[in-house]
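Subject: Structure for you to look at

Hello,

I am passing on the structure below, with notes on what came out of it. Please read the notes with the structure open.

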Amino acid sequence: MRHVEADREHVKQMGRCHQIGNTLWLTMSGSGIGMRFTGRYLEIPICGGYVAKHGEPDGNYARLAVYVDGVRIRDEMIDSPHKRLVVIDQEIPGDFEVQLIKLSESAMSVAGVEPLVTGEEDLMVPLPDKAHLVEFIGDSITCGYGVDDEDFSHGFSTATEDVTRAYAHHTARLLDVDYTLFSASGFGIISGFTDDPQRRMAEQLIPDYYHSVGFSRDRFPGGCDPTQTQWDFSRLQPEAVVVNLGTNDDSFCQDTLEKQQEYAEAYERFLQDVRQRNPRAELFCVLGIMGQRLCPWMERACENYRKHTGDRQVHTLRLPEQDGNIGYVANFHPLERFHLAAAEVLAPYIKKTMNW
């Protein structure tokens, strides 16, 4: 057997990944690796961060899935420091497309891909890049919060998060593009989710962490903090960036005009930051799946941004709102059918605007 690092020579690195030694760390939802594998044996060893090593009271470990030729063959919670995921083990060599995707978000837990184990004669090459790359910036909706749990009375669990059933993944699939995410449940522009409009959740703001590999309460080896680890934006330069932020802000803003204006002003500043880091991308600002009260203020922020900067590469779109009469998943989040409905509106809008 031989050991092969999950480097760019051998695998496609998807989303925001971070290399430490010979281990490739996956942070955000949708991050992972992809390869074309020819051979008899493939094993993907996975290590966990601080959370997997020391335990997590609520069981919010990283959730990963392995696909072979588009079929999910493994669905694993990384609840121990090390796991061996045997992907292929057969007598006769074959040719396979293999992907490992982090289904859960970075806020609770990270996971590392250690050197892959293969046969001496086996080969692997990175999956080819698709023609285009889209970045999605968002909150729990983008992460696929609770999409595997159709009981609205239940709360957060990484075990029921699945980014591949959320609108961002479906949008990328409909467009046949690569995608990368920066999203965290409960986060907003001026406030994270709060059940008391008088109490601002100022520590849960996407603009404060967008520059990082990913917001996380977990740690890489040696105590390295993903939140304090700078992301190299030159590694992934999307042609389109989708911003879906405001659902959590609305829990704080409610109908208070001053707060709504503050949201619009902060949103405009965040667009300037996104533009600075993605100078050639078209920006798509969307909102509305879990409520549309802040949609006019998102649209005002974009209008003011265009007026103040002269940047016309900014577009707005209201996404269809979920129908509670049909149902919800955990904590009143959208069923996959509403994620699909949003994707079926967003994908053609991006395609037409981008002329893809």
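The second largest pocket holds about 530 Å³ of space. A pocket here is an open set of points, on a 1 Å grid over the protein atoms alone, where a 1.4 Å probe fits, with protein on both sides within 12 Å along at least five of seven lines; grid points are joined across faces, edges and corners, and a volume is the space filled by probe spheres set on the points.

This is a predicted model, in which local features need pLDDT of at least 70 and side-chain atom pairs count only at pLDDT 80 or more, while totals for chains, interfaces and linings use all residues. Residues are numbered from 1 along each chain as its sequence is written, and side-chain values use heavy atoms, with hydrogens and water left out.

The lining of the second largest pocket has 27 residues, and those nearest its centre are Gly 186, Phe 193, Asn 248, Asn 331 and His 333. Lining residues have an atom within 4 Å of a point. Helix H4 (residues 247-253) gives the largest share of this lining, four residues. By class, the lining has 10 nonpolar, 13 polar and four charged residues. Ala, Val, Leu, Ile, Met, Phe, Trp, Tyr, Cys and Pro count as nonpolar, Asp, Glu, Lys and Arg as charged, and the others, Gly among them, as polar.

The largest pocket has about 820 Å³ of space. It is lined by 30 residues, and Lys 12, Met 14, Gln 99, Lys 130 and Asp 178 are the closest to its centre. At least two lining residues each come from strand S2 (12-14), strand S8 (82-102), helix H3 (167-175) and strand S13 (178-183). This lining divides into 13 nonpolar, eight polar and nine charged residues.

On the fold, the protein chain has seven helices and 16 strands, taken as DSSP runs (helices H or I, at least four residues; strands E, at least two) and numbered from the N terminus. Of its 356 residues, 60% count as buried, meaning under 20% relative accessible area, with exposed over 50% and partly exposed in between (1.4 Å probe, protein chains only). The C-alpha trace spans about 65 × 45 × 40 Å along its principal axes.

Helix H6 (residues 295-309) reaches 21 Å from its first C-alpha to its last, close to the 21 Å expected, where the expected span is 1.5 Å times one less than the number of residues. Its buried residues, among them Trp 297, Met 298 and Tyr 305, pack against helix H5 (257-277), strand S15 (282-287) and strand S16 (314-318). Contact means heavy atoms within 4.5 Å.

Helix H7 (residues 336-354) reaches 26 Å, close to the 27 Å expected. The buried residues of H7 include Phe 338, Leu 346 and Ile 350, and what covers the buried residues includes strand S12 (133-138), H3 and S15. Just after H7, Asn 355 has a positive phi of about 60°.

Positive phi also turns up in two loops. Asp 69 has phi near 50°, lies between strand S6 (63-68) and strand S7 (71-77), and is partly exposed at 44% relative accessible area. Gln 254 has phi near 50°, lies in the loop between H4 and H5, and is partly exposed at 28%.

Regards
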